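The structure is shown first.

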Amino acid sequence: MAKTHTAPGLSAIIEAAAHGMAPHAADALLLEQAAPAQLLPASEALTLRGHGRVVTYSRKVFIPLTQLCRDVCHYCTFAKAPRSLRAPYMSLEEVLAVARAGAAAGCKEALFTLGDKPELRYAAARRALEAMGFASTLAYLEHVAAAVYRETGLLPHLNPGLLGPEDLARLRKVSVSMGIMLESASERLAERGGPHFGSPDKQPAARLATLEAAGRAAVPFTTGLLIGIGETRRERIEALLALRALHERHGHLQEVIIQNFRAKPGTRMAAAPEPSLDEHLWSVAVTRLIFGARMSIQAPPNLQPQDLDALVRAGVNDWGGVSPVTPDHVNPEAPWPHLAKLAEDTAAAGRTLIERLAITPAYAQDPERWLDPGMRTAVRHRTDALGRARSDEWFAGAGAPVPAAAAAMLGPRRAARGAVSPHLEATLHAARAGDDIPEGDVAALFAVHGAELAAVLGAADALRAATCGDEVSYVVNRNINYTNICLYHCGFCAFSKGRSARSLRGPAYDLDLSEIARRTREAWAAGATEVCLQGGIHPHYTGQTYLDIVGAVKEAAPDIHVHAFSPLEVTHGARTLGLSLEAFLSQLRDAGLSTLPGTAAEILDDEVRAIICPDKLNTREWLDVMRAAHAVGLKSTATIMFGHVDSPTHWARHLLAVRALQKESGGFTEFVPLSFVHMEAPLWRKGLARSGPTLRESLLMHAVARLALHPYITNIQASWVKMGADGVALALRSGANDLGGTLMNESITRAAGGVNGQEFDARRLEALAASIGRPAYQRSTLYRRIATDAPLHRHAVPLAAAKP
């Protein structure tokens, strides 16, 4: 016997749901009694927890492949008889014309909506398919979807109606997602007099069977309810529970749409009452409580254009597909909102409008599970670290100017009241105080947009000013990459050359000691205070090779600072000589090594390293080298190379690992974010990595590093090689205080396709800082000020003594 609940019991169900305890079926049915006002605080809190202050959408074209349908839904104007149509199907040429127009307008999704198996009802459909050489509508859909993807790059989302396992298997190869609206689980609606009478494909059991088969086939599937067609609140809850059960079994429901019925002239339901806004809000809120924080819940913005704020409060986090090119063929009376207006209205609701692909972000982040191999590369290349569409055409190392709208990311330094969540405010306060920040909170800093993005960048910039002042530092140095021959096979590296001719992407080289010495003398004569030496792990190198390199450099220029050898090279050298890390590092120090570059860190998380550098040092080994170096008196930098297969959680773990070691040893002089340059990287060319970080992610990396590493690492460097001059200028306003080195002969990023140059001299670095109103000064590797009145700017004095 079902237990009964009093009003306080209903409140307890809502409260429990708000804290992540999804209601059991019996409790969920009791939500029928709730008023929207009781539900909305809990549903909005859940939405913010799962999606933050963001509402997503997909920029699409709507392709109505056929408007013939064997069903006769009493509210539908999409389906038409053959006599009402110019042709039973759009031709391939017509489809491609629409798709190309969409691609030109910046669309990324091709939404195929069509009637269900019209050939089973209409001879005209059968004749048309036969004439085109296809056995079924689904076979034709497969053909045109493949052509659209191949010819335009748009990612197909398919809504073809009922599908069996074989249909799903074939269509999965030419799409990134599919969908079918359950609409209702009430069989009563299919009885005589109901809206689905005479529509065999609207039988709830048949639609649920398609959804079940989609789950088994691992197809990201969109579904939802059409409310106000005669169902009761209880029947809506029952439908949602049926969908939740499917999702619990397979995890494949990428989105649940709650669409309000619109009465249309010329239909049998033209005079039927439309659901009230309160019913729509109630339905959205109940969906959120039943499915929880993480489910993506959509409401079409063109069907309630005046009430987007209320829908957001109820639990909507997605507006679905919006087209700047094609109408909503299902609801032609309701035009899509212009994207600028949608962004404005979304902002008025306290959210930021962010573009996604046809596959929703959570599923785009796991393409191995959810996508056919033929579709994975396109999705990886077009998404950011959160699985959303890349927000701009900026790519690290590519040399393109930053987008004109980029400065808006910095925003006002003081956010409007309520624009920033209390939890984010607390995190920023903890960072300013130097407190340890939990991993989840560090990761959340990378997910911000809009006013919250400006708040994070602004907090980092203010902390930079308080810690380092307004001056920007740089070092005059030269890179000497002594060999590009390497035993290792890092998937991100286009610099190293393997032993087989097949792996060469340019000439292999191995500089001899005389050439290294010559380049060192040349650097010293040009005013450099540092040489930075790194290279591949040459199969013939031993620890003695590295000792000889240091000796050659010091003989050539006794007073130059030797900044050399990644932890991988140190490990290789120690191993070949049979020495401990401490013993080998001591030998290098005594030979003249001054500091170590913190490269080879990549991402300090073995889950990522197993993909991008499986034969390289693991996280513990990298940290052990740095710990040993610091113990023998050698300072080092620390780096992160990000934007490939990693996520904000991995970035947070990396930052916290560096912070923990710095608290222990105090040996890191600076932290250097290095954006993944993708163009020639093997991992990217194989379709296994994203296209580097977005500009937003790159700026956030500098900002979050400033916040998460405070007060232990005070110098955050921006790489002009990776970010270009314009990008670096923004990074300097987002927490960075250092421009790194002039470099002379930078070659690693250039090998990966970078085009920002091999040298950026002191005059240009100072001009770059001046462009944002900041003075610049030359420093040593250890952050001592170089007295610029000394010959060749080489007289280093402590910063403390140099400060006014």
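Which residue in β17 does Ser473 stand opposite? Ser473 faces Asp738 of that strand.

The model is predicted, with local features requiring pLDDT of at least 70 and side-chain atom pairs pLDDT 80 or more, while totals for chains, interfaces and linings use all residues. Residues are numbered from 1 along each chain as its sequence is written, and side-chain values use heavy atoms, without hydrogens and water.

**Sheet**

Three strands form an open sheet in the order β17-β10-β18, with parallel pairing. Strands (E, at least two residues) and helices (H or I, at least four) are DSSP runs numbered from the N terminus; two strands pair if DSSP finds at least two bridges between them. β10 and β17 are joined in the parallel sense over two bridges.

| Element | Residues |
|---|---|
| Strand β10 | 472–475 |
| Strand β17 | 738–741 |
| Strand β18 | 776–778 |
| Helix α30 | 762–770 |

β17 and β18 are the edge strands, each pairing on one side only. Neighbouring strands are turned by 20° on average, direction ignored. Helix α30 lies across β10, β17 and β18, at about 165° to β10. Axes are lines fitted to C-alpha atoms, for helices over the stretch in contact (heavy atoms within 4.5 Å), and angles run from 0 to 180 degrees between N-to-C directions.

**Cores**

A nonpolar core is a set of buried Ala, Val, Leu, Ile, Met, Phe, Trp, Tyr and Cys residues joined through side-chain atoms within 4.5 Å; buried means under 20% relative accessible area (1.4 Å probe, protein chains only). The largest core has 125 residues, of which Val456, Leu533, Phe565, Trp622 and Phe671 touch the most other members. Helix α27 (residues 695–709) gives the most to this core, with 10 residues.

Definitions and conventions. Buried means under 20% relative accessible area, exposed over 50%, partly exposed in between (1.4 Å probe, protein chains only).
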